[in-house]
Each structure stands twice: as C-alpha cells, then as structure tokens.
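I opened this notebook to record what I looked up in the structure, one residue at a time.

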Amino acid sequence: MAQIRPFTPADLDGLYEVCLRTGDSGQDATGLYRDGHLLGAIYAAPYGRLAPDLAFVVEDDGAVAGYIVGTADTRGFEALLEARWWPMLRAAHRDPQGVPWAERTPDQHLERLFHKPAIAPDSLVAPYPAHLHINLLPHLQGQGLGRSLIDTWLGAAKAAGAPGVHLGVSEANTRAQRFYDIYGFRRFEAQPTPGTIWMVRELA
C-alpha cells in the first residue's frame, strides 16, 4: 500500500524519475529530453537537497512514486540555489543563450534556466512567500493521495511560518488547474507571466 513519508537522501533518484515521468503536463516526458535529469534538477532535486524539511514522498512497493516539495521562503530559497545549486549545473551545462529561442532543443530550454532561473513576481511572493511542486505517477492518481500530500505539506509550511503559498501552472495544463481548484487554491488577481497561471492559497 502506498504511504506518505518524509523525504530521505536515498529518495533523490526517485525525485528525478517521478519528475521526468510526469514532466509533460502530467504525462511521461522521457522521450522529450536527451538528459533525463534536467527537469528534476530544476523542479524536484534541489528541494530535497536544500529544503528537506518540506519534502515528502509517496512510497509504493519500495519505490518513490510521488512527491511534494517546496519552501516556506521563496526568496531565501532562491539565494540558496544561487549559492549552492546553480553553480554546479552551470559548470556542467553550457548556456544556450546564443542559440535563437525557436532553434533550441528541449534540453537547451531547460539548460537556459540553470543560467537564468525563472523568478516569481514580487507582487506574488510578498503575500504568498511559500511555493510547492507536486507530482504523482498515474497509477496512484485518483486515490486521495494528492489531497493527503497537499494537507501534509501545507501543515508543515504553516508550522514553518509561511502565511501563504503560490504555485505556477501551465495555461495548457487544465487538468492540474482543476486539481488545485479542488484543493482550495485560487487564481492570483494579477497574471503577470505569459503562459503561466499563478495560483495561491492563504495559510494563516
């Protein structure tokens, strides 16, 4: 039976795998990238390494089959990434800045984020300083694990002092938007990032 538990360092490879297998708007992105670690290096692994107190996994049959990760302090976490995470990846991956955007490979689009990380707007982060990422393999969806993961994480973020949480969803990923609607998130009043739907929830 699948169970939710705190992240441990031994789960790091599982974060990379689940992130890749859900990385195409919830579908398997394995065939989209030559380097299967790139997605996880942005959206999953650094949270396990740098914010393990707010990282939880779903273990199913001895393997990681889902996770929820994030931080109670987005700006503080960005500083940690700049000091301890991005330099390692920048040394290993060339910046594709000189390649026209339309000519970049899927890998290069992600590698660009190592060198120029996406930054959430100040107007969003000020009232909602926490953020999260959640992914669950398809065979475990629809069983209430998503709600349990969110409840677990929100409780931990509130205990860490965060008054509110934000997250970004692709405009095209309407399924994920419905998922967050069900669990009490709402659309932020302003939507300053083309292609991204920002959703928020109060924790106080």
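I found Asp-61 in the loop between β2 (56-60) and β3 (63-71); helices (H or I, at least four residues) and strands (E, at least two) are DSSP runs, numbered from the N terminus. The model is predicted, so that local features need pLDDT of at least 70 and side-chain atom pairs count only at pLDDT 80 or more, while totals for chains, interfaces and linings use all residues. Residues are numbered from 1 along each chain as its sequence is written, and side-chain values use heavy atoms, with hydrogens and water left out.

I then looked up the backbone of Asp-61 and noted a positive phi near 55° in this residue, which is not a glycine. Most residues other than glycine have a negative phi. Asp-61 is exposed because its relative accessible area is 77% (buried means under 20%, exposed over 50%, partly exposed in between, with a 1.4 Å probe and protein chains only).

I turned to Ser-25, which lies in the loop between α1 and α2. Ser-25 also is not a glycine, and its phi is positive, at about 50°. With a relative accessible area of 40%, Ser-25 is partly exposed.

I next examined Thr-22, in the loop between α1 (12-21) and α2 (38-43). Is Thr-22 buried or exposed? Thr-22 counts as buried because its relative accessibility is 5%. Leaving out residues up to four places away in sequence, I recorded that Thr-22 touches Gln-27, Asn-135, Leu-136 and Leu-137 (contact means heavy atoms within 4.5 Å). I also noted that a polar atom of the Thr-22 side chain lies 2.7 Å from the backbone oxygen of Val-18.

Key. Polar contact = N/O pair within 3.5 Å; in protein donor to acceptor, adjacent residues only side chain to side chain.
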